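Trainee: I am new to this structure. Please walk me through it, one feature at a time.

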Amino acid sequence: MAVGVMDIEGGGASLPGKTTFQVVMCSIIAAVGGLMFGYDIGISGGVTSMDTFLLDFFPHVYEKKHRVHENNYCKFDDQLLQLFTSSLYLAGIFASFAASFLCRRFGRKPIIMSASIFFLLGAILNYFARDLGMLIGGRILLGFGIGFGNQTVPLFISEIAPPRIRGGLNIAFQLLITIGILAASFVNYLTSTMKNGWRYSLGGAAVPALILLIGSFFIHETPASLIERGKDEEGKKVLRKIRGIDNIELEFNEIKRATEISNKVKTPFKELFTKSENRPPLVCGTLLQFFQQFTGINVVMFYAPVLFQTMGSGNNASLVSTVVTNGVNALATVFAVIMVDRLGRKFFLVEGATQMMATQITIGALLLKYLHLVGPITSHAVPLIVLILICIYVSGFAWSWGPLGWLIPSEIYQLEVRTSGYFCAVAMNMVCTFVIGQFFLSALCRFRSGLFFFFAVMNVIMGLFAIFFLPETRGVPIEDMAEQRWKKHWHWKKYFKQN
Ligand code: BGC
């Protein structure tokens, strides 16, 4: 598909180049980092609701789950069980911090490769786990893998993609997250009845890690990273390859200009936090991830099987429901890949927040009415209706805050603070995922259906934030973002010295 000269919305810049096979392949391979992340998200909820897993590691939760007349909302409330899910995210924060320096110094490619190695080791340790220590140790290694991967992959894709299709290519990362989640729910479904099924579920994480490890030998380093490290000729060579044309001078010069500024910056974090021009992307990028998590998505991702069981579905039915929701998640993300560079980012953010808010209010109201503290749910139709509502909710997330929470922070920073700024977004993702992973089951136990109303309010706030504070970044070359967008935004322009 030849693209020729790109016309960029908002006027000004145009960069020549084609959409080459090389760019698409490199993006897809790197996006396998998302497959690892997604596999883990999808596997944890199912494993923590498996009886054999609970019996081996959390016998007290097993007992509680099977006690008659147990409070519906508190069946799985256990800090240690939640730590199993969330320990990974703590490790991930440290790893992505380290990766933000390492990928500036050594390039994006070796960090992507190391991500797969950590993840592979974590999967192996978990497969052989004999006690809680091995289990948590494995999760910490997986966390390193995810921290390295999430820090580097979206940046990598945004840097090699031509602006016109940057959104769609970047969402390949989110698409693979959702495919990973879906694959994991299938695996859980198959292993849930096997003896020691949880071992296969956890060990299966080795598959995406191996795919990424092998694939990462075939990707090109990004031109921006090569040029930033003084390898101009190599950078030009890669540019020619990935753009499919000889005349890459315009883009090379633009990157060169950005890297010259970038190389003067020796302390990127200081620069990020002290220079007023960096404030707008810092606030927006970090808040995007905060809001992404406070859509409440991981309540569904981690605990959907538990939630369906809470509503009285059997073990099997609840895993099937999870496969259905995860299928919808993946399909709706395909829609985002196709449409995000046509309809723009803001449209999806506002639409998605509205859709999620409406479904959360309805789910909250249904649970309030039909799921009492003890005893089974008082209407047979309710679990099915909740399933449908969750599918509508998940699709709203999948074409909006899911992919855009990763895409926008990767395209709004200037090069000199790109990796450190992006780290803040990744760290926010991990901290909030940790908080939700760690406290959701306790919060469900305490606030019951009220929790859904809380997330609904958060969705209203984030919709307003998107309308008033986010500039539209569709089609703008990343090295031109400040000129074309921040400096023209009604609120953020005051952070730039007018000249
Ligand atoms: C989020 C995850 C979430 C997943 C669901 C990702 O973008 O960061 O926390 O579980 O989407 O598809």
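**Reading the model**

Mentor: Start with one residue. E228 has 7% relative accessibility, so E228 counts as buried. Buried means under 20% relative accessible area, exposed means over 50%, and partly exposed lies in between (1.4 Å probe, protein chains only).

Trainee: What kind of model is this?

Mentor: This is a predicted model: local features need pLDDT of at least 70, side-chain atom pairs count only at pLDDT 80 or more, and totals for chains, interfaces and linings use all residues. Residues are numbered from 1 along each chain as its sequence is written, and side-chain values use heavy atoms, leaving out hydrogens and water.

Trainee: What is the mean pLDDT of the chain?

Mentor: pLDDT is the predictor's confidence in each residue, from 0 to 100. Here the chain has a mean of 88. Of its residues, 92% reach 70 or more.

Trainee: Where does pLDDT stay under 50?

Mentor: Over residues 1–13. For that stretch the model has 36 contacts beyond four places in sequence. Contact means heavy atoms within 4.5 Å.

Trainee: Back to E228. Which residue forms a salt bridge with E228?

Mentor: First, the general idea. Side chains of opposite charge can pair when their charged atoms come close. A salt bridge is a side-chain nitrogen of Lys or Arg within 4 Å of a carboxyl oxygen of Asp or Glu. E228 pairs with R104, and their closest N and O atoms are 3.3 Å apart. The pair links distant parts of the chain: R104 sits in helix α4 (residues 79–106) and E228 in helix α10 (residues 223–228), 124 residues apart. Helices are DSSP runs (H or I, at least four residues), numbered from the N terminus. R104 is at 17% relative accessibility, so R104 is buried too.

Trainee: How many salt bridges are there by this rule?

Mentor: The count comes to 14. One of the pairs is E483 with K487, whose closest N and O atoms are 2.7 Å apart. E483 is partly exposed, at 46% relative accessible area. K487 is partly exposed, at 28%. There is also a network of salt bridges linking R108, E159, R418 and E479.

Trainee: Which residues is E271 in contact with, leaving aside neighbours within four places in sequence?

Mentor: V265, N278 and V417. E271 is found in helix α13 (residues 268–274). E271 also forms a salt bridge with K275, with closest N and O atoms 3.4 Å apart.

Trainee: How many aromatic pairs does the structure hold?

Mentor: Rings of Phe, Tyr and Trp (its six-membered ring) pair if their centres lie within 6.5 Å; planes under 30 degrees apart count as stacked, over 60 as edge-to-face and the rest as tilted. The structure holds 31 such pairs. Take F53 and W198: their ring centres are 5.9 Å apart and their planes are at 70°, so this pair is edge-to-face. F53 lies in helix α2 (residues 51–57) and W198 in helix α8 (residues 197–203), 145 residues apart. F53 is buried, with a relative accessible area of 0%. W198 is buried, also at 0%.

Trainee: Which residues do ring pairs link into a cluster?

Mentor: Among them are F290, F291, W401, F454 and W492.

Technical notes:
Helices (H or I, at least four residues) and strands (E, at least two) are DSSP runs, numbered from the N terminus.
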